[in-house]
Amino acid sequence: MHVTSEQRLADGVIEREFTLGEIPGTLWTPGSAPAPLILMAHNNGLPKSDPRLVARARYHAACGYAVATVDAAGCGDRPRSAAAEQARADLRRAMRAGEPVDEIFESLVGPMVEAAVPDWRTTLDALLALPGIGGPVGYSGWTALGIRLAAADPRIAAAGFFAGGYVPRAQREEARRLTVPLLFLLQWDDGGNPRQRALDLFDAFGSKEKTLHANLGGHVGTPWFEVEDGARFYDRHLRPADAG
């Protein structure tokens with residue numbers, strides 16, 4: 001892992017930009033160590049620099065967690081395949097025409113998830129080898145990726161998912177295999193993501209401890225207090241000895 005920049009924020013959190021081979025990432029670490037780790041991914045491959053993700057990451061780091069995000073294969077500024085670019089063009093055309101888009105999403109999001117998971121696991125290996133960062137590991141963000149990653153990597157001990165964003169059929173089936181504690185956030189009026197599909201996915205999760213929080217509002221309207229509640233969720237499952 002090669003650190004390309006480092007700065008100390010006002011609350012004592014250290015923010016580092018890094019590269020790991022072709023993988024660019026950002027790591028936030030608190031002033032105290034050792035710190036449990038949270039992997040944070042934005043929905044459907046948006047960049048790691050997205051302001052909403054950065055705000056959540058800095059908040060959790062200030063709460064005592066190491067938080068990391070990367071632009072995995074096909075995400076953020078990483079190169080996209082010709083097939084992905086064609087799927088995006090097809091998606092724009094279908095949405096303008098009011099045509100069904102599920103099969104286009106399958107061809108776009110499914111391969112993106114499969115390509116991204118190895119990069120996230122490589123990053124996890126490197127992060128857990130750093131001094132001051134330890135398990136257990138939490139995940140926050142993009143649901144489709146989180147399902148696949150939690151199903152593939154037993155180091156993921158708790159997960160917080162945002163219901164916005166298309167979840168491919170393969171991940172909807174994998175959801176039945178998940179057993180880690182889950183916090184699932186749903187925006188009730190997210191017009192681009194059918195509410196019933198999100199509720200069906202929540203029902204499918206195999207976890208014995210799973211919590212659904214639903215709030216009025218559109219796709220980007222998740223209230224900030226859900227970030228604060230999310231920190232308490234991770235406190236319970238990533239450092240239970242510290243929970244009051």
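F233 and Y234 are both buried, where buried means under 20% relative accessible area, exposed over 50% and partly exposed in between, with a 1.4 Å probe and protein chains only. The model is a predicted one, in which local features need pLDDT of at least 70 and side-chain atom pairs count only at pLDDT 80 or more, while totals for chains, interfaces and linings use all residues. Residues are numbered from 1 along each chain as its sequence is written, and side-chain values use heavy atoms, leaving out hydrogens and water.

The buried residues of helix 7 include F233 and Y234, together with E226, V227, G230, A231, H237 and L238. Helices (H or I, at least four residues) and strands (E, at least two) are DSSP runs, numbered from the N terminus.

The structure holds 7 aromatic pairs; rings of Phe, Tyr and Trp (its six-membered ring) pair if their centres lie within 6.5 Å, and planes under 30 degrees apart count as stacked, over 60 as edge-to-face and the rest as tilted. One of the pairs, F184 with F202, is stacked, at 6.1 Å centre to centre and 15° between the planes. This pair links distant parts of the chain, since F184 belongs to strand 8 and F202 to helix 6 (residues 195–204), 18 residues apart. F184 counts as buried at 2% relative accessibility, and F202 is buried as well, with a relative accessible area of 16%.
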